[in-house]
Amino acid sequence: MLLLKVENLNVYYGAIHALKGITLEVNEGEIVTLIGANGAGKSTTLKTISGLLRPQSGTITYNGEVINGLPAQAIVKKGISHVPEGRRIFPNLTVMENLELGAYLHRSREGMKKSIQEVFRRFPRLRERQKQMAGTLSGGEQQMLAIGRALMSRPKLLLLDEPSMGLAPILVQEIFNIIKEINEQGTTILLVEQNANMALSVAHRGYVLETGRITLTGSAAELISSEDVKKAYLGG
Amino acid sequence: MAGFLQQVINGLSLGSIYALIALGYTMVYGIIQLINFAHGDILMVGAYIGFFAVVYLKLNIWWAFIIAMAGASLLGVIIERVAYKPLRNAPRLAALITAIGMSLLLENGGLMILGTDIRSYPVGTITNKQLPLSFLGIQLTATTLQLLILAVTVVMMIILQYIVHYTWTGKAMRAVSYDRDAARLMGINVDETISVTFALGSAFAAVAGILLGLYYNTIQPLMGIMPGLKAFVAAVIGGIGLIPGAMLGGFALGVFETMVSGYWSSKMRDPIVFILLILILLLKPAGLLGRNNTEKV
């Protein structure tokens, strides 16, 4: 079933034309990845879906409803949660407060307790550090906190922006295992990555983005074996 | 020694008024990085609302506080919506100049509507008596007004700490002040949160305005200028954007100022305060409680 449909999306930063008519689809239950070089428009796509940016033209349909133009807080409420690039946790708040803010729109005491326990089960290290200021966490722990915080709103669609950025290879593997697990438990994921190899290893399908345009699309297996992708992104 | 302790008592009561005003500056700065130069004038409006509540509506001082807080909050929210919100993505200097313009508008609007008359709260608005105090065998005096000022300030600060640390509104305020876009991704309504911050800061200013009116026994349309500037200095001393910094800076400045007048000359009081501002900006621009946060990558 189609969960998210982006059609002919055009986004500008001032005079810069960042997205030039992007069209993509995400089906329920999938992991779809957007790969591409720096500046291709991957993060811009996610920011436009989550309502941080407004498109000049084009439509974003989620669950059969047009959502472009809605404020970010209304989009979170509909079940789309965005883990932004660079994690963007609140460094001067405790780990616990960060998680609570993730459930800002779902504040019933029982529901929140349950969500927090689920996050702690998935990320035991956050339980140990719940009273610590989030800024004192290591990079990997901060990424876990960012993902945990996004899961607090019980999203149907999770937008992940560069979860592997700045992490040691062993942590990257751990984060990707968690992404796979989150997906297997029923959350649809749109994943933006520069680490194309890693992204295609967990994704079902992918889109290749180049300077604001989608140049290639296919199943993860097709993209991995594509000569163009190999040459450009897989170091082969 | 008795003289010194007496100055401390006087300084703490003046300082607590500065602290109340400084809290508003620092909260607004924390959330939108704007020095709201109209803050002192909101204080003036609060003092007048309190005055009219006492004189014309014949209400007691506690109701006057509540009505003044409500009125000033509304004014603060309107100012933000009308004057600052349209400039939120403009260069910061544009908003700063607008704040100065808003300040001049309130001052001159006040002069136009209220005239240049100096008014004062009627005698008996609060009972003001000298109270003898004894501290380690040293005889001191404090007035009931001084104690009232201190008590009101402490209660307001406790309420603020509670709001900021234990309520959803407070969590939203902190989230917005650290990272506006990340806060939006949590589902926080940033515009609403900024409005609440202005409302809170303005309510604090209104309380300070009434207390100042009682303390100096005068209110007039330009009464907010000097205390506003002093409280701005206090907020910078403590570390602009930091709530504990505003409290510390307010008390510290009040005591310091009283000492300068008491031991040197009251003519030197204001120049020394502004020299202090310059020194802080040169030597410790982040303020006494501020530190330079390094970003983790």
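**Chain B and the sheet of chain A**

Trainee: What share of the contacts in chain B with a separation of 6 or more comes from residues 24 or more positions apart?

Mentor: In this predicted model, such residues account for 73% of those contacts in chain B. A pair counts as a contact if the C-beta atoms lie within 7 Å.

Trainee: What makes up the secondary structure of chain B?

Mentor: Chain B has 11 helices and 2 strands. Read from the N terminus, the order is α-α-α-α-β-β-α-α-α-α-α-α-α.

Trainee: Why is chain B called as compact as a globular protein of that length?

Mentor: The globule rule gives 19 Å for 297 residues, and the radius of gyration of chain B is 19 Å, so chain B is as compact as a globular protein of that length. Along the principal axes, its C-alpha atoms fill a box of roughly 60 × 45 × 35 Å.

Trainee: How many of the residues of chain B count as buried?

Mentor: The share is 46% of the 297 residues. To count, a residue needs 20 or more other C-beta atoms within 10 Å of its own.

Trainee: Why are β2 and β5 of chain A said to stand at the edges?

Mentor: The open sheet has 4 strands in the order β2-β1-β4-β5, with antiparallel pairing. β2 (16–27) and β5 (65–66) of chain A each have a single partner strand, so one side of each is left without a neighbour in the sheet.

Trainee: What makes β1 and β4 of chain A a pair?

Mentor: Pairing takes at least two bridges. Strand β1 (residues 2–13) and strand β4 (residues 57–62) of chain A are joined by 5 bridges and run antiparallel.

Definitions and conventions. Residues numbered from 1 in each chain as written. Chains lettered and ligands numbered in written order. Predicted model: local features only at pLDDT ≥ 70, side-chain atom pairs only at ≥ 80, totals over all residues. Rg over C-alpha atoms; globule rule 2.2 N^0.38 Å. Buried ≥ 20, exposed ≤ 12 C-beta atoms within 10 Å, placed from the backbone. Contact = placed C-beta atoms within 7 Å.
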